[in-house]
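Hi everyone, thanks for coming. Today I'd like to walk you through a structure that may be new to you, so please have a look at the screen.

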Amino acid sequence: MPLFASLLRGINVSGHKKIPMAGLKTLYEELGFTNVKTYIQSGNVVFETKQEDQVLIQQKIERTIEATYGFDVTVFIRTAAELQQVINSNPFETTEAVYVTFLAEKPSPERWTNLHSLDLGTERLVLKNKDIFLQFSDGYGRAKLSNPFLESKLKVKATTRNWRTINEILNLF
């Protein structure tokens with residue numbers, strides 16, 4: 001059976017959209033997914049399913065979370081191969097202060113060019129497929145290139161994970 005990782009956007013942040021990981025694991029199992037594993041409280045889940053269509057898997061999880069918890073959550077689905085490609089594609093000389101923003105779809109060239117033309121100070125970004133590699137000299141907490149900022153400029157839904165988290169998720173496969 002195919003293995004997938006789902007990355008949930010914006011849960012368990014500052015007390016908002018609370019979903020306990022034990023509850024999330026149970027929800028996935030009730031959806032018929034097997035070998036369900038979670039990693040930290042930010043909504044990272046690895047699972048197996050007979051379903052191969054990532055869009056259908058995503059929609060199924062999103063609908064069930066809304067029905068169960070009463071709020072919308074955007075879910076991003078990636079395969080082990082896609083996450084491994086992210087690890088192999090780091091455009092920076094180091095992995096220090098590197099984050100990856102996973103996009104729901106590739107942004108339009110015009111929106112990407114407009115974003116890239118902004119003064120971002122020391123923040124660096126590189127687009128590869130549907131993923132933006134970010135590097136922050138001052139840390140992510142004060143970064144201009146946050147999820148809401150990127151979503152507003154690119155008109156694409158996004159969620160961000162740090163380098164260590166991506167590696168840990170990949171290790172769950």
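This is a predicted model: local features need pLDDT of at least 70, side-chain atom pairs count only at pLDDT 80 or more; totals for chains, interfaces and linings use all residues.

Now for the overall picture. The chain holds 6 helices and 8 strands. Read from the N terminus, its elements follow the order β-α-β-β-α-β-α-β-α-β-β-α-β-α. The radius of gyration is 16 Å, close to the 16 Å that the globule rule gives for 173 residues, so the chain is as compact as a globular protein of that length. The C-alpha trace spans about 45 × 30 × 30 Å along its principal axes. Of the 173 residues, 43% count as buried. And if we take contacts between residues at least 6 apart in sequence, 69% of them join residues at least 24 apart.

Let's move to a sheet. Here 4 strands form an open sheet, in the order β6-β7-β5-β8, with antiparallel pairing. Why is one side of β6 and of β8 left without a neighbour in the sheet? β6 (124-128) and β8 (158-162) stand at the edges and have a single partner strand each, so one side of each has no neighbour there. On average, neighbouring strands of this sheet are turned by 25° against each other, direction ignored.

Within this sheet, β5 (residues 98-103) pairs with β7 (residues 131-135) in the antiparallel sense, over 5 bridges.

Helix α4 (residues 109-116) lies across β6 and β7, and runs at about 165° to β6. Helix α6 (residues 163-171) lies across β5, β7 and β8, and runs at about 90° to β8.

Between β5 and α4 there is a loop, and alanine 104 sits in it. With a relative accessible area of 41%, alanine 104 is partly exposed. Beyond its neighbours within four places in sequence, alanine 104 is in contact with Phe76, Lys130, Val156 and Lys157. Its C-alpha atom is separated by 9.0 Å from that of threonine 74, 30 residues apart along the chain.

Where is serine 42 found? Serine 42 is in the loop between β2 (34-39) and β3 (44-48), and at 24% relative accessibility it counts as partly exposed. Arginine 9 is 33 residues apart from serine 42 along the chain, and their C-alpha atoms are separated by 7.8 Å. Leaving out neighbours within four places in sequence, serine 42 is in contact with Leu8, Ile11 and Arg161.

The side chain of serine 42 also makes a polar contact, at 3.1 Å, with the side chain of asparagine 44. Asparagine 44 lies in strand β3. Is asparagine 44 buried or exposed? At 1% relative accessibility, asparagine 44 counts as buried. Its side chain makes a polar contact with the side chain of arginine 161 at 2.6 Å. With neighbours within four places in sequence set aside, the contacts of asparagine 44 include Ser6, Leu7, Thr165 and Ile169.

Conventions:
Residues are numbered from 1 along each chain as its sequence is written. Side-chain values use heavy atoms; hydrogens and water are left out. Two strands pair if DSSP finds at least two bridges between them. Helices (H or I, at least four residues) and strands (E, at least two) are DSSP runs, numbered from the N terminus. Axes are lines fitted to C-alpha atoms, for helices over the stretch in contact, and angles run from 0 to 180 degrees between N-to-C directions. Contact means heavy atoms within 4.5 Å. Buried means under 20% relative accessible area, exposed over 50%, partly exposed in between (1.4 Å probe, protein chains only). A polar contact is a pair of N or O atoms within 3.5 Å; within protein, one must be able to donate a hydrogen and the other to accept it, and residues adjacent in sequence count only if both atoms are side-chain atoms. The radius of gyration is taken over C-alpha atoms; the globule rule is 2.2 Å times the number of residues to the power 0.38.
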